[in-house]
Amino acid sequence: MNRKHTMVDDAEVLLVSYGSTARTVYAAIRELRRRGVKAGMLRPKTLWPLDEERIYNSVSSRIDRVVVIENNMGKLFLDMKRIFRDREVYSAPVLSLELPTVKEVIEAVEQWL
């Protein structure tokens, strides 16, 4: 599976996003880190098939919360909830034809911090 990890080595919160929302989530994790939140990002490049074991093993064991940011009703959320079944997994759908703003992503994440 082709994927991208950003700042996951010391992360305590993992934001998962793909496609058009990923750029905004990348900016959001940089801002969250500036605020003292150890946030990291997983950006799957493909959604099927997901290499669940590889995804699970690729992130720090310190991560106890996973927030899935996606521009739909939670399709990736269900996969991440199954993969990270031993951690808290939250859905933060951003339903819009426009890209979410950094502020919207941070607000969605902060409700679970």
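Me: Why does Arg87 count as buried?

Reply: This is a predicted model, and the values are computed from it. Arg87 has a relative accessibility of 14%. Buried means under 20%, so Arg87 counts as buried.

Me: Where is Arg87 found, and which residues does Arg87 touch?

Reply: Arg87 is in the loop between H3 and E5. Leaving aside residues up to four places away in sequence, Arg87 touches Tyr56, Val59, Ser60, Ser61, Ile63 and Asp64.

Me: What makes the pair of Arg87 and Ile63 a polar contact?

Reply: A polar atom of the Arg87 side chain lies 3.5 Å from the backbone oxygen of Ile63. The cut-off is within 3.5 Å, so the pair is counted.

Me: Asp86 is in the loop between H3 and strand E5 (88–93). Is Asp86 buried or exposed, and how do you know?

Reply: The relative accessibility of Asp86 is 52%. Exposed means over 50%, so Asp86 counts as exposed.

Me: What does the side chain of Asp86 make a polar contact with?

Reply: The partner is the side chain of Tyr56, at 2.6 Å. Tyr56 is also one of the residues that Arg87 touches. Asp64, another residue touched by Arg87, is 22 residues from Asp86 in sequence and 8.4 Å away in space, C-alpha to C-alpha.

Me: Asn72 lies in the loop between strand E4 (65–70) and helix H3 (75–83). Is Asn72 buried or exposed, and why?

Reply: Asn72 has a relative accessible area of 13%. The limit for buried is under 20%, so Asn72 is buried.

Me: Which side chains make polar contacts with the side chain of Asn72?

Reply: One is the side chain of Tyr18, at 3.0 Å. Another is the side chain of Glu70, at 3.2 Å.

Me: Why is Met7 called partly exposed?

Reply: Met7 has a relative accessible area of 32%. Buried is under 20% and exposed is over 50%, with partly exposed in between, so Met7 is partly exposed. Met7 sits in the loop between strand E1 (3–6) and strand E2 (13–16). Although Met7 is not a glycine, its phi is positive, at about 55°.

Me: Lys103 is in helix H4 (residues 102–110). What makes Lys103 count as exposed?

Reply: Lys103 has 59% relative accessibility. The limit for exposed is over 50%, so Lys103 counts as exposed.

Me: How do helix H1 (residues 22–34) and H4 pack?

Reply: Their axes are 9 Å apart and the angle is about 65°. The crossing is right-handed. H1 contributes Thr24, Val25, Ala27, Ala28, Glu31 and Leu32, while H4 contributes Val102, Val105, Ile106 and Val109.

Me: How many of the residues in the contact of H1 with H4 are nonpolar, polar and charged?

Reply: Eight are nonpolar, one is polar and one is charged.

Terms used
Residues numbered from 1 in each chain as written. Predicted model: local features only at pLDDT ≥ 70, side-chain atom pairs only at ≥ 80, totals over all residues. Heavy atoms only, no water. Helix = DSSP H or I, 4+ residues; strand = E, 2+ residues; numbered from the N terminus. Buried < 20%, exposed > 50% of the residue type's maximum accessible area, 1.4 Å probe, protein only. Polar contact = N/O pair within 3.5 Å; in protein donor to acceptor, adjacent residues only side chain to side chain. Axes fitted to C-alpha atoms, helices over the stretch in contact; angles between N-to-C directions. Left-handed = near helix turned anticlockwise from the far one by under 90°. Contact = heavy atoms within 4.5 Å. Nonpolar A, V, L, I, M, F, W, Y, C, P; charged D, E, K, R; others polar.
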